[in-house]
Amino acid sequence: MIRIIGFGNQWRGDDAVGLCAASALRERLGAGAEVIEAEADGTQLLDLLEGQESVILIDAVEGLGVPGATIRLDLSAEPHWGPVRPCSTHAIGLADAVALARVMGRLPSHLVLYGIEWATLDPGAGLSDAAREGLRTVVEQVVQEVQRAASSTSGVADHPGHHPGRSGHNTIW
């Protein structure tokens, strides 16, 4: 079963987008995936990755240039994050935790990040309209990926446009 982990901070504007995605995906997927909302710092990720075969991470990111833009990064094959930096309001962020898990040999064989470019991280702010748009896109993409995984023989979904044998398929929407 795929584990989906939405990261964020509900009190920091668009940093809550991963948490909102996890909540929406729990409703949409039901028992089709294990969905976790993670508000702690990145060190919690090490425990959440432990023993997992397939994990999808969702978080606010920066570096795409347009608030609400989304990206899918295959982190299982590619250690580089391309143009994006995950949003972190903690001492140890998501990128640091993934790098540490890789070094420790605790990375799942299938690890994907869906990122949504943030517009505001103001304390007490709600999600921006741009983040809400990106959230809708990511929820649909993750639902499709989980459905493909459920119907595939390996239990791991190839993303549209995935080319076996090529490392790290990354997509920006």
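Predicted model: local features only at pLDDT ≥ 70, side-chain atom pairs only at ≥ 80, totals over all residues.

Visitor: Why is R26 called partly exposed?

Guide: Buried means under 20% relative accessible area and exposed means over 50%, with partly exposed in between. R26 has 36% relative accessibility, so it counts as partly exposed. E37 is partly exposed too, because its relative accessible area is 38%.

Visitor: How many salt bridges are there in the whole structure?

Guide: A search finds 7. One of them joins R28 and E140, whose closest N and O atoms are 2.5 Å apart. This pair links distant parts of the chain, with R28 in helix α1 and E140 in helix α4, 112 residues apart. R28 has a relative accessible area of 44%, so it is partly exposed, and E140 is partly exposed because its value is 35%.

Visitor: How do you know that E50 and R106 form a salt bridge?

Guide: Their closest N and O atoms are 2.6 Å apart, and the limit is 4 Å. E50 sits in the loop between α2 and β3, while R106 sits in the loop between α3 and β6, 56 residues apart. E50 counts as partly exposed because its relative accessibility is 45%, and R106 counts as partly exposed because its relative accessibility is 21%. Salt bridges with shared partners also join D47, E50 and R106 into one network.

Visitor: Why is I4 called buried?

Guide: The cut-off for buried is under 20% relative accessible area. I4 has 0% relative accessibility, so it counts as buried. I4 lies in strand β1, residues 3–7. Leaving aside neighbours within four places in sequence, its contacts include L25, I56, I58, V142 and V146.

Visitor: Which residues of the largest nonpolar core touch the most other members?

Guide: That core has 25 residues, and the ones touching the most other members are I4, L25, I56, I58, V142 and V146. The elements α1, β3, β6 and α4 each supply at least two residues of this core. The largest share, 8 residues, comes from α4. There is also a second, separate core of 24 residues, which includes V55, L57, L75 and L113.

Visitor: What does I58 touch?

Guide: Setting aside residues up to four places away in sequence, I58 touches a list that includes I4, F7, L25, L113, Y114 and V142.

Visitor: How do you know that the buried residues of α3 line one face?

Guide: In helix α3, residues 94–103, the buried residues are L94, A97, V98 and A101. Seen down the axis of α3, they fall within an arc of 100°, so they line one face of the helix. In general, an α-helix has 3.6 residues a turn, so residues three or four places apart point the same way.

Visitor: Is V103 buried or exposed, and why?

Guide: V103 lies in helix α3. V103 has 71% relative accessibility, so it counts as exposed, the cut-off being over 50%. Together with L100 and M104, V103 forms a nonpolar patch on the surface with about 300 Å² of accessible area. Just after α3, G105 takes a positive phi of about 75°.

Visitor: How many helices and strands does the protein have?

Guide: The secondary structure comes to 4 helices and 7 strands. From the N terminus on, the elements run β-α-β-α-β-β-β-α-β-α-β. Buried residues make up 50% of the 173 residues. The protein exposes about 7,800 Å², and carbon and sulfur atoms supply 51% of that area.

Key: Residues numbered from 1 in each chain as written. Heavy atoms only, no water. Buried < 20%, exposed > 50% of the residue type's maximum accessible area, 1.4 Å probe, protein only. Arc of directions from axis to C-beta. Patch = residues over 30% accessible without salt bridge, like charges linked within 9 Å, V, L, I, M, F, W, Y side chains within 5 Å. Areas by Shrake-Rupley, 256 points an atom, 1.4 Å probe, with all protein chains shown as cover. Salt bridge = Lys/Arg side-chain N within 4 Å of Asp/Glu carboxyl O. Core = buried A, V, L, I, M, F, W, Y, C linked by side-chain atoms within 4.5 Å. Contact = heavy atoms within 4.5 Å.
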